[in-house]
Amino acid sequence: MIKPKIHRQSYNKECMSTNTLEISNLSKSYGDFHLDNVSFSLPKGYIMGLIGPNGSGKTTIIKIIMNLIMKQSGDVKVFGMDHLANEVEVKKRIGFVYDTPNYYDHLSLKQFKNTIAPFYDQWDDAVFYDLVKRFKLPLEKKIKVFSKGMAMKSSIVIALSHHADFIVMDEPTSNLDPVVRRELLDFFRELIQDENKSILFSSHITTDLEQIADYITYINEGKLVFSKTKDEVFESYSLVKGGNELLDSDTKKSFVAVKSSAYGFEGLTKNVEATRKIFGAAVVYDKASLEDIMFYTNLETVKTVEDATTRY
Amino acid sequence: MKIIISNASSEPIYQQIGKQIKAQIISGDLKEGEGLPSIRKLAKELQISVITTKRTYVELEKEGFIDVVAGKGTFVAIQNKELLKEKKMKSVEDLMSDTIMEAQKLGITFEELQEMLVLLYND
């Protein structure tokens with residue numbers, strides 16, 4: 001039975017979509033902190049979550065993309081264009097949610113909008129008012145009386161009212177209660193129904209990313225740990241639990257890090273298949289959450305630092 | 001179309017969805033030519049990643065269960081009648097294999113199993 005090949009086109013269209021963001025070999029140092037040779041890309045039409053402990057470099061990366069701080073080396077391309085050479089054009093198409101607009105908080109949302117709108121030639125009042133209505137935001141009250149949830153929603157509304165194709169957010173849900181967070185996540189999901197829009201957001205609330213991200217990029221101590229699809233992350237990492245007698249210097253090597261209690265050990269592997277070959281059914285395999293992955297990856301780093309310092 | 005996902009299950013989500021869609025196509029709950037949601041709509045409704053739904057559809061298309069028509073959408077493929085019968089047989093065979101394995105594990109004999117089958121079938 002010969003099937004016509006026309007149907008392939010629609011998947012190829014998705015597969016060959018250009019990257020909204022391309023970061024190559026990005027580095028930046030300040031004092032003790034070094035963002036070290038970070039590279040990753042976000043294809044168009046998807047949501048990428050940037051995770052990492054506080055101080056790991058997530059905000060630095062976002063600030064560099066937005067040119068709020070200068071990179072030292074490496075390339076940043078947005079919509080295929082260099083973010084510095086085409087700064088104005090790039091920024092017009094980015095909706096940036098950095099923090100609540102607290103430096104203008106003596107203004108009402110409407111007044112604030114009137115201050116911002118002239119900067120964007122694609123500003124769309126109809127979209128703005130529609131979103132304000134949807135999020136039930138007051139137009140005439142001063143922003144300083146807004147709750148955290150309302151203030152964040154306001155930032156998002158402003159960022160989305162100029163037909164931006166790339167939404168960049170730094171910790172958008174971190175100060176919000178679970179109900180508002182859920183509401184925002186649903187809203188982002190709806191946004192991405194338009195396959196021309198992409199979202200990048202950093203968060204330390206890993207459960208939000210587990211729910212909504214298509215891609216996860218994990219930064220730890222300035223270095224890229226991985227940048228993969230969420231599915232790949234959960235298919236390769238696993239928690240492994242078993243009796244202490246199963247651990248020796250060889251078997252330990254298959255783990256990112258392990259911890260033991262009096263009753264057994266728990267470890268994280270980043271290659272479940274390989275670990276299965278070693279332990280088989282003698283251990284329990286549990287799904288690792290992003291939090292588990294971050295915890296154990298960090299444990300491993302700490303251990304290495306400790307080993308290094310004890311040598312002297 | 002009905003899809004229920006278990007996050008606690010060890011089976012990857014794209015497989016869970018694939019199985020359920022296949023079962024509904026085989027049973028006729030999803031009819032030939034019936035339209036399926038786009039990968040983005042499905043992802044939104046199930047609250048999962050678009051990449052997962054895309055993977056599910058790619059697999060289903062490879063196995064001949066669905067057709068993606070450029071510019072129009074995704075539809076349940078016209079099932080070749082013999083192939084459909086084969087698929088139906090296979091799905092029951094798979095269940096039988098599972099049952100046989102379980103019986104063997106528990107030490108139930110082939111004769112006992114046959115008796116059970118006759119009893120239950122005539123119920």
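In the predicted model, two salt bridges are found across the interface of chain B and chain A, a salt bridge being a side-chain nitrogen of Lys or Arg within 4 Å of a carboxyl oxygen of Asp or Glu. In one of them Glu195(A) is joined to Arg40(B), with 3.9 Å between the closest N and O atoms. Ten residue pairs, both members at pLDDT 80 or more, are in polar contact across the interface of chain B and chain A; the term denotes a pair of N or O atoms within 3.5 Å, of which, within protein, one must be able to donate a hydrogen and the other to accept it, residues adjacent in sequence counting only if both atoms are side-chain atoms.

On the side of chain B that touches chain A, α2 (39-46), α3 (50-62) and β2 (66-69) of chain B each supply at least two residues, and the largest share, eight residues, comes from α3(B). Helices (H or I, at least four residues) and strands (E, at least two) are DSSP runs numbered from the N terminus. By class, this side of chain B has twelve nonpolar, five polar and seven charged residues, where Ala, Val, Leu, Ile, Met, Phe, Trp, Tyr, Cys and Pro count as nonpolar, Asp, Glu, Lys and Arg as charged, and the others, Gly among them, as polar.

In all, 24 residues of chain B are in contact (heavy atoms within 4.5 Å) with 27 residues of chain A. The two chains bury about 2,200 Å² between them, 48% of it on carbon and sulfur atoms, buried area being the accessible area (1.4 Å probe) that two parts lose on being put together, summed over both. In chain B, the residues that lose the most area to chain A are Arg40(B), Gln47(B) and Ile51(B), together 30% of what that side buries.

Within chain A, an open sheet of four strands has the order β2-β1-β4-β5, with antiparallel pairing; strands pair if DSSP finds at least two bridges between them. Because β2 (33-43) and β5 (81-82) of chain A stand at the edges, each with a single partner strand, one side of each is left without a neighbour in the sheet. Strands β1 (residues 19-30) and β4 (residues 73-78) of chain A pair in the antiparallel sense over five bridges, and Asp75(A) in β4(A) is the bridge partner of Ser24(A).

Residues are numbered from 1 along each chain as its sequence is written, and chains are lettered from A and ligands numbered from 1 in the order in which they are written. As this is a predicted model, local features need pLDDT of at least 70 and side-chain atom pairs count only at pLDDT 80 or more, whereas totals for chains, interfaces and linings use all residues, and side-chain values use heavy atoms, with hydrogens and water left out.
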